[in-house]
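User: Could you take a close look at the stretch at the start of the chain and walk me through what surrounds it? I'd like one connected account.

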Amino acid sequence: MKLNPQVSDLRLYDVVAVNKGVAADISHIATPAKCSGYVGDDEILAALDGCDVVVVPAGVPRKPGMTRDDLFSVNANIVKTIAEACSKACPKAMLCIISNPVNSTVPIIAETLKKEGTYNPKRLFGVTTLDLQRARTFVAQNQGLNVNEACVNVIGGHAGKTIIPLLSQVPDAKFSDEDRDALTHRIMFGGDEVVKAKAGGGSATLSMAYAGAEFANALLRALNGEQGVVQNAYVESSVVPDCTFFSTPVSLGPEGAEEIHGIGTINAYEEGLLADAIPDLQDQIKKGVDFVKNN
């Protein structure tokens, strides 16, 4: 984000003291954006004051054997606190949520903002960009495509089988049933691949940072008036009637989500994936809503 010429004021917030050192380090990069660091409860409102875009990657990482849902008890409280602070310090900010489990944390933030009277569904995004990055990478490798030109739509949610790659929509691609099954599973569970490889040292951070920056940079372009900016995001949606939040392509503009696009044409295999995903997604959304009701 420090490299983006559209960023004038970059603020880093965390609960650990080293954050101010990280901010000092980043501030030495020779780009126009100024960078400052904030630490702890006493400084969160100052960090968020007047922000236009807030990117939330906060929380604990996964370890081997953990699902994203296992992170819920810790990360739920973290995102609720941040949502309450955003409501006070930057109620009109665009909120980009990376903290897992996204399928639940986005509803937590929505319900928290509703309580505070500041909720605008057009300004709340669950960042699913990493699923699309993985899909592009894996499909390009499988099909011998230029990864910079590969386009793979991934819909649904951001956990396991709620991640639905629509391989039938990939232009000029032909997949055997075996390749289709293997790619679908790898895209769904690509995060597990990283968690296992790190052997207890955490989950995806570098690829997630890249994906998060891609989404935030696209959103900034749209906020500054660029036309035709489309990114997949997990947003309040009526595309799938049984799911109040769902990820599909979203047209972005100065007010946030301008148009939520549909799923498009899918085949019978993908219809099955969608049917399998809906109950899990409903449960994870409900878990987030219930957390706010009870806390």
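Analyst: Strands here are DSSP runs of E with at least two residues, and they are numbered from the N terminus. With that in hand, Asn-4 sits in the segment that comes before β1 (9-14). Keep in mind that this is a predicted model.

Is Asn-4 buried or exposed? Its relative accessibility is 9%, and buried means under 20%, so Asn-4 counts as buried.

Now for what the Asn-4 side chain does. Locally, it reaches the backbone nitrogen of Gln-6 at 2.7 Å. Leaving out residues up to four places away in sequence, Asn-4 touches Asn-217 and Leu-220.

Carry on down the chain and you get to β1, which runs parallel to strand β2 (residues 34-39), with six bridges joining the two. Within this pairing, Arg-11 stands opposite Ser-36 in β2. To get from β1 to β2, the chain passes through helix α1 (residues 18-27), making a right-handed β-α-β crossover.

One more thing to look at elsewhere in the model: there is one cavity of 30 Å³ or more. The largest cavity has a volume of about 80 Å³. Its lining includes Cys-86, Ser-87, Cys-90 and Pro-91, and also Leu-113, Thr-118, Asn-120 and Arg-123.

Key. Residues are numbered from 1 along each chain as its sequence is written. This is a predicted model: local features need pLDDT of at least 70, side-chain atom pairs count only at pLDDT 80 or more; totals for chains, interfaces and linings use all residues. Side-chain values use heavy atoms; hydrogens and water are left out. Helices (H or I, at least four residues) and strands (E, at least two) are DSSP runs, numbered from the N terminus. Buried means under 20% relative accessible area, exposed over 50%, partly exposed in between (1.4 Å probe, protein chains only). A polar contact is a pair of N or O atoms within 3.5 Å; within protein, one must be able to donate a hydrogen and the other to accept it, and residues adjacent in sequence count only if both atoms are side-chain atoms. Contact means heavy atoms within 4.5 Å. Two strands pair if DSSP finds at least two bridges between them. A crossover is right-handed if, with the strands pointing away from the viewer, the path from the first strand over the helix to the second runs clockwise. On a 1 Å grid over the protein atoms alone, a cavity is a set of points where a 1.4 Å probe fits but cannot get out, and a pocket is an open set with protein on both sides within 12 Å along at least five of seven lines; lining residues have an atom within 4 Å of a point. Grid points are joined across faces, edges and corners, and a volume is the space filled by probe spheres set on the points.
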